[in-house]
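Me: I would like to learn how to read salt bridges and strand pairing in a model. Can we work through one together?

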Amino acid sequence: MDIALATDWFNLLSRWFHITAGITWIGTSFYFMSLDYSLKPRAAGSTGADGVAWEVHGGGFYHVQKYLVAPDNLPPDLLWHKWAAYLTWVSGFILLIAQYYLNARGFLIDPTVADITPGQAIAISLASIVIGWLLYDTLCRSPLANHTAALALVVFLMVVGAAWAFGQVFSGRGAFIHVGVFVGTIMAANVFLVIIPNQRIVVADLIAGRKPDPKYGKIGKTRSTHNNYLTLPVLLMMVSNHYPMLYAHPHSWLVVAFIVITGALVQHTLNRHEAHDPWKSYGWAVPVAALSLLIAVFITSQRPKLDLAGAGQVSEAQALQIATTHCATCHARRPTHEGIAEAPKNVMLETAADLRRHATAVIQQAVQSKAMPLGNQTAMTDQDRAALGAYLAGLK
């Protein structure tokens, strides 16, 4: 097996692992948040469970009970929902290595943004993961934690600030995916370093017959809620590499801001619906989320466009020469780019017929968004892009 094929398999299996673990974690998280909101409190003066819910699924009925303190006989086989969160982060980090660290010059670095080495880019990436968690954790342990709205605002500004900072050192693709890594690390660390340890303290106190300190449950609930509201935005960040309209915008941090707002408001709507709150108390979130999404769409539509008319008349031979120099090292029947075994998406750009067949995609990827070539490793100029765009536009 050659290196390129082995790299592709490493990437594919890492991605499969990450998707599987992520679906499991998100599904469990969403279910328990929904369950928590839907529990009916016990009747005043009664004893037993603090919340109860009857559910039906898969042909059976479930009677779920929630105790804020353990029942008299705490079962020894208590289930801990933690491994899905841990494995999501581990698999995500493996995928980060496979996709971005091993191909740093193509996916992580853009010399026109910052002319750094792969080693420097990876070091910045690793440092941002650690610093991001430490900053977030410090905020959550500060007096700001007593003010829910203020803490949420500061965390939001921190994420947007990170998006801006990543855009100063990484390629557009690398910057956007690192926002996802930044937020995803916070979410996984919340489980590993806060929620589960706090739950262990509470369980140990209950087994020993001590009254647990309620602060541990409150802290865990806060961190779990943060994870819940960040889930939808981080999911979009993780698939952003397929959509250059997001990451190739010169002010992509603004796109990040409105994606976070939109996702959080959609999640808020779902949560309050599950809690059976009156629509008038949370219905405002729907139009605001829609407006936020429309603003994000508007921002992506306002990216600077090349002056194709200024390129003049471009011949087929000139267009093919540009494609051969800047595209065909990867997009060929036999790619010559190191680490590329097969033409991405089976798109070949070696002949005039190839250019005609894929004209729309080439205009989008190489002319309008400048997402290609990867990391602009071939130093494709705006003049080259305009000339190629002018030729392809003339084919329509």
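**Charged pairs and paired strands**

Reply: Start with one side chain. Arg210 has a relative accessibility of 46%, so Arg210 counts as partly exposed. Keep in mind that this model is predicted.

Me: Which residue forms a salt bridge with Arg210?

Reply: The general idea comes first. Side chains of opposite charge can pair when their charged atoms come close. Here the partner of Arg210 is Asp205, with the closest N and O atoms 2.8 Å apart. Asp205 has 12% relative accessibility and therefore counts as buried, because the cut-off for buried is under 20%.

Me: How many salt bridges are there by this rule?

Reply: The count comes to ten. One of them joins Lys221 and Asp36, whose closest N and O atoms are 2.6 Å apart. This pair links distant parts of the chain. Lys221 sits in helix H7 (residues 214–238), Asp36 in helix H1 (residues 3–38), and they are 185 residues apart.

Me: Which side chain meets Asp137 in a salt bridge?

Reply: Arg223 does, at 2.9 Å from N to O. Asp137 belongs to helix H4 (residues 118–141) and Arg223 to helix H7, so the pair ties together parts 86 residues apart in sequence. Both Asp137 and Arg223 are buried.

Me: Which residues are linked in a network of salt bridges?

Reply: Look at Arg333, Glu350, Asp354 and Arg357. Salt bridges link these four residues in a network.

Me: Now the strands. How many bridges join S1 to S2?

Reply: Two. Strand S1 covers residues 40–41, strand S2 covers residues 51–57, and they run antiparallel. Lys40 has Val52 in S2 as its bridge partner.

Me: And how many bridges join S2 to S3?

Reply: Seven, again with an antiparallel run. Strand S3 spans residues 60–66. For side chains, the general idea is simple. In a regular strand they alternate between the two faces of the sheet.

Me: What do S2 and S3 form, and how many residues lie between them?

Reply: S2 and S3 form a hairpin, with two residues between them.

Note on methods
Residues numbered from 1 in each chain as written. Predicted model: local features only at pLDDT ≥ 70, side-chain atom pairs only at ≥ 80, totals over all residues. Heavy atoms only, no water. Helix = DSSP H or I, 4+ residues; strand = E, 2+ residues; numbered from the N terminus. Buried < 20%, exposed > 50% of the residue type's maximum accessible area, 1.4 Å probe, protein only. Pairing = 2+ DSSP bridges.
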